[in-house]
Amino acid sequence: MNVSLITIGKTKTPYLIQGIEEYLKRLGHYLPLNIVQIPDLKNASRLSRDEQKEAEGALILQKILPGDHTVLLDERGRQYTSEEYASKLQGFMVSGLKRLNLVIGGPFGFSKAVYDKADELMSLSKMTFNHEMIRLFILEQTYRAMTILRGEKYHHA
């Protein structure tokens, strides 16, 4: 199974870039994972929130292929323990799923069209985090899930 982390904009904070690179390297031992960065909209300041969500949504939808399973990281989504997330990933892998999309929206969330295309919503916390931090958090949790599935020492439950 290939995993694509679809994001809006680049990660700009140096310590987050370093952490993201570290977890991408670690994950390379378990599964193919790539980050698909959709550039920030050039005219975002002239758009309303809804217009920005629609424009970003159109770009996100271009990255989703037929047969993909798409999970939006969204505050209204279901929360999982690390073990439950590991089990969910294992289920995807044994089902023969070819590609899993984990999608992080822009600052105002997702358009209705993106919500309609998604297979499910997942929340990492009831708290709100900035979009750059969520990238690191989902990569760390995906790495943790893989070590849980392999019975490795990273996760101490």
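Two strands are taken to pair if DSSP finds at least two bridges between them; strands (E, at least two residues) and helices (H or I, at least four) are DSSP runs, numbered from the N terminus. The model is predicted, so local features need pLDDT of at least 70 and side-chain atom pairs count only at pLDDT 80 or more, while totals for chains, interfaces and linings use all residues. Residues are numbered from 1 along each chain as its sequence is written, and side-chain values use heavy atoms, without hydrogens or water.

**View A. An open sheet of 5 strands.** The strands follow one another in the order β2-β1-β4-β3-β5, and their pairing is parallel. At the edges stand β2 (33-38) and β5, each of which pairs on one side only.

**View B. The pairings of β3 with β4 and with β5.** β3 and β4 run parallel and are joined by 5 bridges. In this part of the sheet, His-69 stands opposite Leu-100 of β4. The pairing of β3 with β5 is likewise in the parallel sense, and 5 bridges make it up. Here Gln-79 is found opposite Ser-123, a residue of β5.

**View C. The largest pocket, with a volume of about 420 Å³.** A pocket is an open set of points on a 1 Å grid over the protein atoms alone, with protein on both sides within 12 Å along at least five of seven lines; lining residues have an atom within 4 Å of a point. The lining of the largest pocket comprises 21 residues, and those closest to the centre are Leu-73, Asp-74, Glu-75, Phe-129 and His-131. Two or more lining residues come from each of β3 (69-79), β5 (120-123) and α5 (131-149). The greatest contribution is that of β3, which gives 4 residues. Sorted by class, the lining holds 11 nonpolar, 7 polar and 3 charged residues; Ala, Val, Leu, Ile, Met, Phe, Trp, Tyr, Cys and Pro count as nonpolar, Asp, Glu, Lys and Arg as charged, and the others, Gly among them, as polar.

**View D. The second largest pocket, of about 160 Å³.** This pocket has 13 lining residues, and nearest its centre lie Ile-8, Gly-9, Asp-40, Pro-107 and Arg-135. At least two residues of the lining are supplied by α2 (49-63), and at least two by α5. The largest share belongs to α5, with 3 residues.

**View E. The largest cavity, with a volume of about 40 Å³.** A cavity is a set of grid points where a 1.4 Å probe fits but cannot get out; points are joined across faces, edges and corners, and a volume is the space filled by probe spheres set on them. The model has 1 cavity of 30 Å³ or more. The lining of the largest cavity consists of Val-71, Tyr-85, Lys-88, Phe-92, Leu-100, Leu-102, Glu-120 and Met-122. Elements that give two or more of these residues are α3 (82-94), β4 (99-104) and β5. With 3 residues, α3 gives the most. The cavity lining divides into 6 nonpolar and 2 charged residues, with no polar ones. Leu-100, named here in the lining, is also the residue of β4 that His-69 stands opposite.
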